[in-house]
Amino acid sequence: MEDITQEQPKIVAEFQKIIQAGMLSHAYLIDDASSQIRNQMAIWLAQSQFCENLQDGIPDQTCQACKTIAMGDNPDVLQVTTDKQSIGVDDIKYFKKEANMTATQGNRRILIINEAEKMTSAASNNLLKTIEEPEGNLMMILLCNSSKQVLPTIQSRVQIFHLSNKSNTDEINDLEAEGYKESFAKTALEISDIKNLLTMPSDNYLSLQTAISTWLRQCNNAQMDSFIDIQTDIMPMIENKNHQQIFFDMMNQIFSDILSIRYQIKDPVLIKEDVLSKKTIPEIVDFSDYLFKAEEMWKSNVSFQSILEDMSLKYVS
């Protein structure tokens with residue numbers, strides 16, 4: 001595991017100044033980079049509040065207190081994690097209750113919410129009450145892919161830090177061990193999170209990318225059999241929720257690439273040709289908006305295949 005101080009030196013330096021000045025906020029939102037890096041950043045921040053040898057706002061990460069937090073054994077540092085598609089209001093209520101109990105290892109408690117974008121509206125609004133009126137000496141750290149994925153009311157009430165998206169050497173090595181070539185691994189990490197990529201072999205990733213591009217070309221040509229391709233070409237490669245998330249990641253990147261190709265904004269990442277060349281820009285934007293809504297429905301446990309079939313009919317028509 002790479003040292004977060006080397007992996008994210010700019011953000012670490014910013015937090016170092018805040019810690020030295022004693023100006024830590026009660027609520028932070030940290031986005032970008034991978035879920036692993038975001039969690040490492042949150043753990044580092046938690047360690048700064050318990051470290052036995054804090055030097056200039058930097059935890060040594062080697063003392064017993066730091067090791068205990070890194071191992072997840074400090075009862076005052078709570079982490080919300082889930083394998084489900086959403087974090088519900090009951091989940092947030094439970095962890096809020098736990099977080100508001102009296103600290104046992106220091107003078108504060110820390111609540112880390114991984115994948116905060118998974119919070120339902122009810123869960124987000126419930127957490128918002130605590131952010132607006134924090135109880136005791138509680139610090140909340142929300143981690144997500146993008147700050148735009150959480151409620152605007154939460155965004156406006158927390159301090160947001162954007163991590164560097166530069167690929168982590170450890171993550172590249174992990175994907176290479178799974179058969180990804182280095183350049184391909186770097187590209188994949190620009191699009192999807194490492195935890196999802198590790199569930200899909202590189203050959204399957206390339207096959208899914210090809211299947212999606214072919215499907216979109218058929219939609220572009222108004223071919224109704226594109227509906228069938230969902231069942232025959234795409235669904236067989238989607239084995240779990242991680243793969244479903246990779247599908248949405250690829251689709252979002254393809255829409256971004258299409259705009260890059262048409263306006264020559266920057267080099268496309270996933271495709272080299274405009275697979276929706278017969279569609280107008282307003283239609284592309286409409287499709288992208290529909291994709292966002294589709295992903296939200298998926299997070300609400302609507303059938304993935306049903307969503308794709310509806311999407312196919314939408315894109316053809």
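**View 1. Ser213 and its partners from elsewhere in the sequence.** Once neighbours within four places in sequence are set aside, Ser213 is in contact (heavy atoms within 4.5 Å) with Ile271 and Val275. Ser213 has its place in helix α11, residues 202-220. Helices here are DSSP runs of H or I with at least four residues, strands are runs of E with at least two, and both are numbered from the N terminus. With a relative accessible area of 7%, Ser213 is buried. Buried means under 20% relative accessible area, exposed means over 50%, and partly exposed lies in between, using a 1.4 Å probe and protein chains only.

A word on the model before we move on: this is a predicted model, in which local features need pLDDT of at least 70 and side-chain atom pairs count only at pLDDT 80 or more, while totals for chains, interfaces and linings use all residues. Residues are numbered from 1 along each chain as its sequence is written, and side-chain values use heavy atoms, with hydrogens and water left out.

**View 2. Helix α6 and what covers it.** Helix α6 holds twelve residues, 121-132, and its end C-alpha atoms are 16 Å apart, in agreement with the 16 Å it should span at 1.5 Å a residue. That expected span is 1.5 Å times one less than the number of residues. Which residues of α6 are buried? They are Ala123, Ser124, Asn126, Leu127, Leu128, Thr130 and Ile131. An α-helix has 3.6 residues a turn, so residues three or four places apart point the same way. The cover over the buried residues of α6 includes strands β1 (27-31), β3 (109-113) and β4 (138-144), together with helices α5 (89-99) and α7 (152-155).

**View 3. Cysteines without a bond.** Searching the whole structure turns up zero disulfides, a disulfide being a pair of cysteine sulfur atoms within 2.5 Å. For Cys51, the closest cysteine sulfur belongs to Cys66 and lies 3.7 Å away, which is too far for a bond. Cys51 is buried at a relative accessible area of 13%, and Cys219 also counts as buried, at 0%.

**View 4. Stepping back to the protein chain.** Fifteen helices and five strands make up the count for the protein chain. Its radius of gyration is 21 Å, close to the 20 Å from the globule rule for 317 residues, so the chain is as compact as a globular protein of that length. The radius is taken over C-alpha atoms, and the rule is 2.2 Å times the number of residues to the power 0.38. Of the 317 residues, 49% count as buried.
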